[in-house]
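Please look through the model shown here before reading on. The paragraphs that follow start from how the copies are related and then turn to the interface and the single chain.

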Number of protein chains: 2
Amino acid sequence: MVFYLIGLGLASPSDITLAGQKALQSCSSIYLESYTSILPSTTPESLAAFHNLPLSSIIPAHRETVELESDQILQKAKEGENVALLVVGDPFGATTHTDILLRARKSGIPTRVIHNASIMNACSASGMQLYTFGQTVSLVFFTETWRPTSFYDRLVENASIGLHTLLLLDIKVREQSEENMARGRLIYEPPRFMDIPTAIQQLIWTEGERKGGILVPEETLAVGLSQVGAGENEKIVAGTLKELSEADPSVFGEPLHSLVLVGKRLHPLEVEYAESFALNKDNWRRVAQEVYKVVLDEN
Amino acid sequence: MVFYLIGLGLASPSDITLAGQKALQSCSSIYLESYTSILPSTTPESLAAFHNLPLSSIIPAHRETVELESDQILQKAKEGENVALLVVGDPFGATTHTDILLRARKSGIPTRVIHNASIMNACSASGMQLYTFGQTVSLVFFTETWRPTSFYDRLVENASIGLHTLLLLDIKVREQSEENMARGRLIYEPPRFMDIPTAIQQLIWTEGERKGGILVPEETLAVGLSQVGAGENEKIVAGTLKELSEADPSVFGEPLHSLVLVGKRLHPLEVEYAESFALNKDNWRRVAQEVYKVVLDEN
């Protein structure tokens, strides 16, 4: 029958679209993707209860499931079932999902994509206009021995034309402790989500290595986003990198976090809108005027 | 009570989220924004019928309504009503909507934004990865006497770092004929939507003026999108600018149209995915290889 690729949207089970819910309720197998992103509130149990689905129809799908068992997933659709792959945000956020769609098409299986909001457009909740964002950049957790800085080149490119940058912060799922790995026990650590302070530390460290002068703690403005779209739980915090790095981590709220680096083409309306999120409103305006050369009304 | 800013999503009334529908049904005044974008299928009548709302609660909101009467709109929320402003796509697509939100906050009115998919993230249906898009560019209808080409600078910037560009095509609503305007009759022409062939003509004309060498009819790849998210009515067509400009206009489907210009950082997976949309698959692959220097598997 049909292979559905359905976006779950930003935060809660009620963020799916009506069309998405209807499709979901027509499916006998529902794969819940849980490696490119995770919504802490969305588990097989909460989905089943919220949408009135049999729990047995919901299958957690890790990377191996989606990448290695895509033929089996699609086979079910070929045999007459409706099958869904549920993805946090919008289904086209990650390459993996275009790959399974391509395979479905090649097998002649009807496909339907149900779009939703993703952080890639909802990052405009920062007050920065979507039109002025450059390419999106992913930050991975640094370790003692692995600190890849190639993302910095992308930041330099965006900065060279004055654009904002959305930084997507790493998620680690299904990590094994060294002991469990050594003993071959498939016991996984709880997921880890990179938070805004860690992201900023890594940015400042990288600037120290690469020295492009694009990330200056006292002069570079940024907006931290947490749980965008989650109503009361959404937190948006604006400031210089220094202010954000020194803030009490609790101001940033719970994961998922992301971070917007403000580009030099900052507009007065953006300054004004994000000012209400600023840790220090006076300094936010001062840096916008003195460093970013934004002309603001003084009243 | 609450001022809601609610995204309608991409195409049909069922593209609203469950949270959006619930909010909508709690509102006594619902403003349907109809100037930054329009969904041909979404009228006050279709919305009222679909969501089981009294037709009298839905108020079409033109530019003047939202920009000049925002205080009255917000006053209702202040006096204890729930009020919604409904916007095609995601609410943060246009600056106007951040402006009304800012005013609401300044008046101490609780606000809630309900995000949705917009063309700014659903453009990934083109097969081009969202990560590799640069800034978004709007194309306005050229007239005999007004052909602004400043947008070309933005295309040059994106091209300079190899990024894809989403082009949003103009919509004209509430235009008056010269006769009606001369007679002071408030009779408006039907909305006009820029289509993909017109956009490409304007691009090629602009290249002729500006001569940056970034838009070469036989060598620049693009993907035309129409009614993204509308299921059967969605059309995606890929090719060189020349192929797209010479195609039978009916292949592009009904409005809304938009256009993705493919950047030089084109990835083999993107070539492969979009190949299924290509007017001429062989030429699509040839240009990807010879002009964009993408290394493709030959099988």
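Copies are superposed by least squares on the C-alpha atoms of residues with pLDDT of at least 70 in both. On that basis, a rotation of 180° with 0.0 Å of shift along its axis brings chain A onto chain B, with an RMSD of 0.0 Å. The two copies are therefore related as by a two-fold rotation axis. The same surface serves both copies, since 100% of the contact residues of chain A recur in chain B, two residues being in contact if their C-beta atoms, placed from the backbone, lie within 7 Å.

This is a predicted model, in which local features need pLDDT of at least 70 and side-chain atom pairs count only at pLDDT 80 or more, whereas totals for chains, interfaces and linings use all residues. Residues are numbered from 1 along each chain as its sequence is written, and chains are lettered from A and ligands numbered from 1 in the order in which they are written.

At the interface, 47 residues of chain A are in contact with 47 residues of chain B. Among the elements that each supply at least two residues to this side of chain A are helix H1 (18-25), helix H5 (95-106) and strand E5 (111-114); helices (H or I, at least four residues) and strands (E, at least two) are DSSP runs, numbered from the N terminus.

Among contacts in chain A between residues at least 6 apart in sequence, 76% join residues at least 24 apart.
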